[in-house]
Amino acid sequence: MTETVGASKVRFDKSLGSFNRLWSMFRETKDRIERSESKVIAKWRLFPPEVVYALGAVPYDLLLHEGFTETTVRSIETAGHALEAGLSADSCLWNISATGRVLSRRDSVPVDIFLAAAGLCDISSKSWRIMSRNMGKPFYSMETPIFNANSEERATSFIQEELASVFERLGRRLGYEYSERRLLNEIRRGNVVRKLLLDITTLLSREPPPLAALEYFIAHTTAGDYLQEPDALATILADINREAEARVKQGVSPPEIADKPLRIYYVGEAPQDLRFWNLIENSGGVLIGCDTYLPLFYELIPETGSPMRNFARWIWMMPHHMPSLDRAKTLIPHIKRQRPDAVIIGNVMGCRNLALSDRIMKETFREELGVPVTSIDFSSSDEDVALLEPHIRSFIEMCR
Ligand code: SF4
């Protein structure tokens, strides 16, 4: 069944009943934050939401919710708001779209505070600053050092200090006192969601994989902010997990999956246009994993010992903090577990994070996984995704 999302027609697997509930919850995110009685903190997508929950506020994965559910945001008029405000035209499309959308209705956006992840995505940090300045809302940031296997002790202590400083400064503004007990509580709630996302991901390693690409992609993006209600989300994810498990037992695959599809693992930033995920199946493939939000659930955060210390170490080990080669090597066991036939690396125009490491990633995956790898670029055109079909189709044909 197809549904219009912004300007695009995308195909959902309506036979997966529990996903319909997730999709409704996803689409109601903006209403939910408007109704929120707690302060809303806009965070960069891979900034761990526990930090915000532990302060009694609600996190908002602004790029996700403002950037892609309405693909009409690509309109020049909306982007103009971002460019006029000072965001450079060669920024990534997620930031241009989301910043433009937020600034075009600045008085009605219920964001109270902008929290950036310094050093990880400089473009997002810049757009967060621009939005905060234009809306007269406070801006905070937290720095995470780039991973270096020899500096665990120093890096973990540094992250601990950064976390303590964020809790202190934000806590003062929010009138909320940080406590280890609260952090541990949020880590536990987050672990429930993480565990479910890991379980669902494991099911994709089975034959046939029980979820279609779009449904898995949406489910795994919920790691960004747990959709403001981690407990309610966990109930839905548990149902998705159960339904997917039943499909695996019965050998049922989602509709529209080709016979003997090519098993594809996706690495990189996601395109804004949801039709991309349908395209994988239209071209004879099936998605068996995706690393876009994996850094938020790559493993559980330990629940015994010092919560702050455990949390800091877990943040340090998040794959997207790593230089290209370390990142590729860290991803390999996750990808291997999904038993891929091929890997697709996606580059978003204007994103410097992956584009610079594309070659290293490709070579490392080819060597260590022994499967074909291709990379694709998402540009700014609305026709962009449709134009990728010949590339993906011929790649899949070639891999057979
Ligand atoms: S696509 Fe790249 S530049 Fe844009 S938000 Fe993601 S990491 Fe940052």
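Guide: Let us begin with a definition: two residues are in contact if their C-beta atoms, placed from the backbone, lie within 7 Å. Please keep in mind that this is a predicted model.

Visitor: Which residues does Leu183 touch, not counting residues up to four places away in sequence?

Guide: With those sequence neighbours left out, Leu183 touches Glu50, Ala54, Pro307, Met308 and Phe311. Leu183 itself belongs to helix H9, residues 180–204.

Visitor: Why is Leu183 called buried?

Guide: A residue is buried if 20 or more other C-beta atoms lie within 10 Å of its own. Leu183 has 23 other C-beta atoms within 10 Å, so Leu183 is buried.

Visitor: What makes Ile218 partly exposed?

Guide: Partly exposed lies between the limit for buried, 20 or more, and the limit for exposed, 12 or fewer. Ile218 has 18 C-beta neighbours inside 10 Å and therefore counts as partly exposed. Ile218 is part of helix H10, residues 213–221, and touches Leu22, Trp23 and Phe26, residues up to four places away in sequence not being counted. Between Ile218 and Leu274 there are 56 residues in sequence and 9.4 Å in space, C-alpha to C-alpha.

Visitor: Why is strand E7 called largely enclosed by the rest of the structure?

Guide: In strand E7 (262–268), seven of the seven residues are buried, so E7 is largely enclosed by the rest of the structure. Strand E5, residues 113–118, is also described as largely enclosed, because five of its six residues are buried.

Visitor: How do you know that E7 and E8 pair?

Guide: Two strands pair if there are at least two bridges between them. E7 and E8 have five bridges, in the parallel sense, so they meet the condition. Within this pairing, Ile264 stands opposite Leu287 in E8.

Visitor: In what order do the four strands of the open sheet stand?

Guide: The order is E8-E7-E9-E10, with parallel pairing. Strand E8 (285–290) and strand E10 (373–378) are the edges: each has a single partner strand, so one side of each lacks a neighbour in the sheet. From one strand to the next, the twist averages 30 degrees. Strand E9, residues 342–348, is joined to E10 by six bridges, and Asn347 has Asp377 in E10 as its bridge partner. Helix H12, residues 275–282, packs on the sheet and touches E7 and E8; the direction of H12 makes about 130 degrees with that of E8.

Visitor: What makes E5 a partner of strand E3 and of strand E6?

Guide: The condition is again at least two bridges. Strand E3, residues 40–43, pairs with E5 over three bridges in the parallel sense, with Ile41 opposite Ile113 in E5. Five bridges join E5 to strand E6, residues 139–143, also in parallel, and Ala117 has Met142 in E6 as its bridge partner.

Visitor: How do you know that the span of helix H16 agrees with the value it should have?

Guide: The expected span is 1.5 Å times one less than the number of residues. For the 12 residues of H16, residues 358–369, this should be 16 Å, and the end C-alpha atoms are 16 Å apart, so the two agree. Just after H16, Gly370 takes a positive phi of about 65 degrees.

Visitor: Finally, which residues come nearest to the ligand?

Guide: Of the 11 residues around the ligand, Cys92, Cys121, Ile123, Glu269 and Cys351 come nearest. Helix H6 (93–104) and helix H7 (122–135) are the elements that give two or more residues to this shell. The shell divides into seven nonpolar, three polar and one charged residue.

Conventions
Residues numbered from 1 in each chain as written. Predicted model: local features only at pLDDT ≥ 70, side-chain atom pairs only at ≥ 80, totals over all residues. Near = placed C-beta within 6 Å. Nonpolar A, V, L, I, M, F, W, Y, C, P; charged D, E, K, R; others polar. Axes fitted to C-alpha atoms, helices over the stretch in contact; angles between N-to-C directions.
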